[in-house]
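Student: I am new to this structure. Please take a close look at how its side chains pack together, and go step by step.

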Amino acid sequence: MRGDRARTLVLLGGLYAAQGLPFGFFSLALPVLLREQGWTLTAISFLQFLALPWGIKFLWAPVVDRHGARRTWLLSLQGAAIAMALLLSELHFSLDSVLLFVAVFLFNLIAATQDVVTDGLAVRLLDAQERGLANGLQVGAYRLGMILGGGLLLWVFAQMGWRVMFLGMAGMLALTTLPVLWLREPQVPRDEAPVPSTAEVPATATRAVLLSPEPAAERSTASPFSGWRLAIAWLHRALTPGMLVLAGLIFCYRFGDQLVSSLLIPFIRDQGMDKETIAVMKGTVGSATSLLGAAVGGWLTFRAGRRQALLWSGLLQAAGFGLYIAAAMGLGGFELLWAATVVEGVVGTMASVALFALMMDASDPAHAGTDYTLLASVVVAVSSLGGLAGGFMGDRLGYTATFCIGTALAAAGCVFLVWWLDRHPTHTRVTQAWR
């Protein structure tokens, strides 16, 4: 079983890293390049709309969650991403090219759909106790992918241009696809009846075995559009008890954080750092600190429980933003920016691990991909709204005032989420994991 668990973790880690690779370049590196060309913070913030597939993936999540073999979905989507990167390596375009922005949108569409499949697998593969540690892997792998895309690939672009950068992206995506070839998934109940909590389900019933190709017969082969119920399945899941409340709590927990985080790359660029230095900062240093944060966050969530992990990681994240406030006030110089990057990488990843573990707790194993996708779409929506608010406020109020407002909202949202769940747990599964 240990070998099966190790293969499961390698599979999930590779898939989450694959999502982060192109997203990292387009969300971390592209703003640096556009800022160099004189784009305003408000204009850069409108790039959030290119991430629309992440925010609306719940619309097609029931189709992906309940039809077709997961191995087929994953190989097809990973293959499409690799083909996109190879195609872009042969094309010539500039930063203001419409083709580039179309490519960003398509990469987001592919990665968002792959995420539905991967999240559904993760919820079914892991029991409640394992989720804290596994979410450390999830967030760490995704952040590693983002940092490789936003750091390493930015450095490659600065040195060798678009073609080599996209070839490197295609190669890394191909490596993350290899574990999918050995995926085999057991049959999962598909009825609408109430499902016992994860504590009542034997681990062998929710853990995948990675031995041989997944038989297509294990999932529905009916047309994805065979009935009107499937078309509104996401709405049915959204209206199940506790889901809308938890969505609101996620918004409170993340909005201030995202308002500040959306401005960090342009802020660092505006302090005079060149893109090669930013690549090292967000690549080498950011990678190491994010992985450390994922490990610490997974351990904290596993040992201390959801409540303590969410409370302390959220408050530490808000406190870490104080370093950026000081830097915006002209204190500390480049040294403070490096220190802030280290702190933000660790505590920001810790907070994400704890929140994603809570989201998995709230997801019904029989509708895992749809439930988790709905909650993940809230996270994306908050990220987009926070990014838009950050760009608008940054242009009008400046970095210092915007960082202060975002920090206050982040701390208040963290305290409110914990206070609410102490008194009103949203799901039985959340109650079991909360303390």
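**Side chains and packing**

Tutor: Start with cysteine 252, which counts as partly exposed at 28% relative accessibility. Keep in mind that this is a predicted model. Cysteine 404 is partly exposed too, and its relative accessible area is 35%. How many disulfides does the structure hold? The count is 0. A disulfide is a covalent bond that joins the sulfur atoms of two cysteines. Two sulfur atoms would have to lie within 2.5 Å to be counted.

Now turn to the rings. Searching the whole structure gives 12 aromatic pairs. One of them joins tryptophan 39 and phenylalanine 101: their ring centres are 6.2 Å apart and their planes meet at 35°, so this pair is tilted. The tilted class sits between two cut-offs, because planes under 30 degrees apart count as stacked and planes over 60 as edge-to-face. Where do the two partners sit? Tryptophan 39 is in the loop between α1 (2-36) and α2 (41-45), while phenylalanine 101 belongs to helix α6 (residues 98-125). The pair therefore ties together parts that are 62 residues apart in sequence. Phenylalanine 101 counts as buried, at 17%. The line between these two classes is drawn at 20%.

A second pair joins tyrosine 324 and phenylalanine 403. Their ring centres lie 6.3 Å apart with planes at 65°, so this pair is edge-to-face. Tyrosine 324 is part of helix α13 (residues 275-328), and phenylalanine 403 is part of helix α16 (residues 399-423). This contact therefore ties together parts 79 residues apart in sequence. Tyrosine 324 is buried, at 0% relative accessibility. Phenylalanine 403 is buried as well, with a relative accessible area of 0%. Both residues belong to one aromatic cluster, together with Phe267 and Tyr399.

Next, look for gaps. Rolling a probe the size of a water molecule over the atoms shows where empty space remains. Here the count is 4 cavities of 30 Å³ or more. The second largest cavity has about 70 Å³ of space. Its lining includes Ala18, Pro22, Leu77, Phe107, Ile110 and Leu173. Which elements give two or more residues to that lining? They are α1, α5 (70-89) and α6. Helix α6 gives the most, with 4 residues. The lining holds 8 nonpolar residues, 3 polar residues and no charged ones. Gln19, Gln78 and Gln114 are among the lining residues.

Move on to helix α15 (residues 368-397). At 1.5 Å a residue, its 30 residues should span 44 Å; the end C-alpha atoms are 42 Å apart, which agrees. Helix α15 is mostly covered, since 22 of its 30 residues are buried. After α15 comes glycine 398, with a positive phi near 90°.

Finish with valine 342, in helix α14 (residues 333-361). Valine 342 is partly exposed, at 34% relative accessible area.

Note on methods:
Residues are numbered from 1 along each chain as its sequence is written. This is a predicted model: local features need pLDDT of at least 70, side-chain atom pairs count only at pLDDT 80 or more; totals for chains, interfaces and linings use all residues. Side-chain values use heavy atoms; hydrogens and water are left out. Rings of Phe, Tyr and Trp (its six-membered ring) pair if their centres lie within 6.5 Å; planes under 30 degrees apart count as stacked, over 60 as edge-to-face and the rest as tilted. Buried means under 20% relative accessible area, exposed over 50%, partly exposed in between (1.4 Å probe, protein chains only). On a 1 Å grid over the protein atoms alone, a cavity is a set of points where a 1.4 Å probe fits but cannot get out, and a pocket is an open set with protein on both sides within 12 Å along at least five of seven lines; lining residues have an atom within 4 Å of a point. Grid points are joined across faces, edges and corners, and a volume is the space filled by probe spheres set on the points. Ala, Val, Leu, Ile, Met, Phe, Trp, Tyr, Cys and Pro count as nonpolar, Asp, Glu, Lys and Arg as charged, and the others, Gly among them, as polar. The expected span of a helix is 1.5 Å times one less than its number of residues.
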